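The sequence and structure follow.

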Amino acid sequence: MYQKLTSITNSLQRTAKFSLFIGGLLLTAYSWSAPNSVSSKTYKELTSIQEMISANQTDQAFTALKTLHSEVEKDSLDEALVLQMLGYTEMGRNNYQQAIDHLKRSLALNRLPENVKYNVGYMVAQLYAAQEKYDEALVFAEEWFKTLEAPTPDQAIFMANIFAQTGKYKQAIPYAKQAIDSGKEPRESWYQLLIACNFELKDYPQAAEALKGALSKWPTKADYWEQLASVYVLMDNEIKGLATLQLAWKAGVLQKENSIRSMVQLAVTQGIPEHGARLLNSALQKEALPHDETYVDLLANAWLAAREDAPAITAFEELAQLTKEGDPYLRIANIYIEKAEWKKAEAALRKALDMKLEEPGKAWLILGIAMTEQTRFDQGMDAFKKARAFAYTEKQASSWLKYAEDLRRQHNWITRNQS
């Protein structure tokens, strides 16, 4: 849901080549404090070692620092600065735990200038974070952040990440917002972190606001449209969820099969099945969805729910061809029966019976009704007898058979007396 501080890890990896990074940081500290507090010998040695680091000679620099550390006065600023440089050098060698140990020992001496001390603490926090030791990172990060008069967006998002990684999502959110609000060009990962924290807290209104903010920056990112729609559904506002997906669809952004299907299903369930059917038909024509039995079935049922019989029948006919089964024709027959179009119902039923059916007894039963309504009693009764052979239609078929016999007698009596 949110990245595991990959920016921190990448940053630390870049410091493997960081002669200028270390050099600039340490020169500031040394030049500021050297005249009064650092011994001349240590200052010269550190300056020489810095030149090694700048030349990417980190192994030689490390050896020289270890030697220098054995020579400096214990518990002095000299030792604190040597330990500090040892920590940075170990970073350059990708030895993060050793770097942490040196930097913490440097801090523990309590000899570093105040501004340097907090920068070192920040570096320790980053190193812990790079090792996914977020609780330890947070201890140093909180103390460091308090010292900042005007935190940069990157510094704020670092805090947001640390809090999020320790499961403190509520505390992470203000830092993420601070980074977004203060940054001239907020990064997408900042919005993703803010969205993720709100999801974790199940604060869906705030998640929606964060998603709308992300969409204002990256309107072509389908994931944000889809997440916003799902948030509205979670908030029991399916109409807004549908509208969100429709906007993405009209903009040509919505492409995932699941999302397009969700859009159609939302339209159908929200009482506008005709709209859902048209959306689905459009998606099929644009080949945004596979033209298979799943979606043709959905299309047929959407037209049926919209009481659009002609396109529903067309879709069911196509479904029968795709599945090689007769049940879609049975559905067509039901449409015609509701309209009392018995001859068309008969034609659909005969096609159904020529194909594989899940429950053929029902088709024979309905065919019997269609034939009886056309006063073709013998064929109707024959169909009822066939339906009676199936347990699930036996009782109904028997009742209809008796009814058809009565109707036939009545029909024959009327015919004889009319002649």
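**Overall form**

What percentage of the 419 residues of the protein chain count as buried? The share is 46%, where buried means under 20% relative accessible area with a 1.4 Å probe, protein chains only. The model is predicted: local features need pLDDT of at least 70, side-chain atom pairs count only at pLDDT 80 or more, and totals for chains, interfaces and linings use all residues. Residues are numbered from 1 along each chain as its sequence is written, and side-chain values use heavy atoms, leaving out hydrogens and water.

The chain holds 23 helices and zero strands, taken as DSSP runs (helices H or I, at least four residues; strands E, at least two). Its C-alpha atoms fill a box of roughly 135 × 35 × 35 Å along the principal axes. Of the contacts (heavy atoms within 4.5 Å) with a separation of 6 or more, 53% join residues 24 or more positions apart.

**Helices α18 and α19**

Helix α18 (residues 309–323) packs with helix α19 (residues 327–338) at an angle of about 160°, their axes 8 Å apart; axes are lines fitted to C-alpha atoms over the stretch in contact, and angles run from 0 to 180 degrees between N-to-C directions. The pair is therefore roughly antiparallel, a term for angles over 145 degrees. Contact residues include F316 and L319 of α18 and Y329 and I332 of α19.

**Residue H69**

H69 lies in helix α4 (residues 58–71) and is buried, with a relative accessible area of 11%. Not counting residues up to four places away in sequence, H69 touches K74, E79, V82, L83, L86 and R105.

Key
Angles under 35 degrees count as roughly parallel, over 145 as roughly antiparallel, 65 to 115 as roughly perpendicular and the rest as oblique. Buried means under 20% relative accessible area, exposed over 50%, partly exposed in between (1.4 Å probe, protein chains only).
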